[in-house]
Amino acid sequence: MKAYTTPIEEFTVTHVWFDSSQKKYWIGTIQGLIEADEQLRILHHYTMNEGLPNHYIYALQPDGQGHIWISTNKGLSKFNINARTFRN
């Protein structure tokens, strides 16, 4: 797994959701979506390169079916947590 050196404090956070079943934070920022562990170590930073329609995230909403709905500056995106894919 890639080690992320940018501290979480460097991101402008817009929304946070803690997935208690997975023990992970999903953090919406103006720089994309961050997946972090319980100690807020960044596990992955998702951007337009991975399929987000835009880096600016307004809100996150889990649907209880393994997806996170993400509102961005360029519309809605559905993120599949297991497959790590976006559908816009």
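A salt bridge joins the side chains of glutamate 35 and lysine 24, with a nitrogen-to-oxygen distance of 2.7 Å. The two partners lie 11 residues apart and connect distant parts of the chain, with glutamate 35 in strand S3 (residues 32–37) and lysine 24 in strand S2 (residues 24–29). The model described here is a predicted one.

**Salt bridges**

In total, the structure contains 3 salt bridges. They are listed below.

| Glutamate 35 | Lysine 24 | 2.7 Å |

Through shared partners, Lys24, Glu35 and Arg84 are joined into one network.

Arginine 84, by contrast, counts as partly exposed because its relative accessibility is 31%. In the remaining pair, aspartate 37 has 12% relative accessibility and so counts as buried, while arginine 41 reaches 51% and so counts as exposed.

**Overall fold**

The protein chain has 0 helices and 8 strands. Its pattern along the sequence is accordingly β-β-β-β-β-β-β-β. The radius of gyration is 12 Å, close to the 12 Å that the globule rule gives for 88 residues, so the chain is as compact as a globular protein of that length. The C-alpha trace spans about 30 × 25 × 20 Å along its principal axes.

Of the 88 residues in the chain, 36% are buried. The accessible surface amounts to about 5,300 Å², and carbon and sulfur atoms account for 48% of that area. When contacts between residues at least 6 apart in sequence are considered, 30% of them join residues at least 24 apart.

**Nonpolar cores and a surface patch**

In soluble globular proteins, nonpolar side chains tend to be buried together. In this model the largest nonpolar core consists of 11 residues, among them Trp26, Leu33, Tyr46, Leu52 and Phe86. Strand S5 (57–62) and strand S6 (67–72) are the elements that each give two or more residues to this core. A second, separate core has 6 residues, including Phe11, Ile27, Ala36 and Ile42.

Phenylalanine 86, a member of the largest core, is located in strand S8 (residues 85–87). Its relative accessibility of 14% lies under the 20% cut-off, and phenylalanine 86 therefore counts as buried. Leaving aside residues up to four places away in sequence, phenylalanine 86 touches Leu33, Tyr46, Glu50, Gly51, Leu52, Ile70, Ser77, Lys78 and Phe79. A separation of 18 Å lies between the C-alpha atoms of phenylalanine 86 and aspartate 19, which are 67 residues apart along the chain.

Nonpolar residues also occur on the surface: Ile30, Tyr56 and Tyr58 form a patch there, with about 250 Å² of accessible area together. Tyrosine 58 counts as partly exposed because its relative accessibility is 43%.

Key: Residues are numbered from 1 along each chain as its sequence is written. This is a predicted model: local features need pLDDT of at least 70, side-chain atom pairs count only at pLDDT 80 or more; totals for chains, interfaces and linings use all residues. Side-chain values use heavy atoms; hydrogens and water are left out. A nonpolar core is a set of buried Ala, Val, Leu, Ile, Met, Phe, Trp, Tyr and Cys residues joined through side-chain atoms within 4.5 Å. Buried means under 20% relative accessible area, exposed over 50%, partly exposed in between (1.4 Å probe, protein chains only). Helices (H or I, at least four residues) and strands (E, at least two) are DSSP runs, numbered from the N terminus. Contact means heavy atoms within 4.5 Å. Patches are made of residues with over 30% relative accessible area and no salt bridge: like charges are joined within 9 Å, nonpolar side chains (Val, Leu, Ile, Met, Phe, Trp, Tyr) within 5 Å. Accessible areas come from the Shrake-Rupley method with a 1.4 Å probe; for residues, only the protein chains shown count as cover. A salt bridge is a side-chain nitrogen of Lys or Arg within 4 Å of a carboxyl oxygen of Asp or Glu. The radius of gyration is taken over C-alpha atoms; the globule rule is 2.2 Å times the number of residues to the power 0.38.
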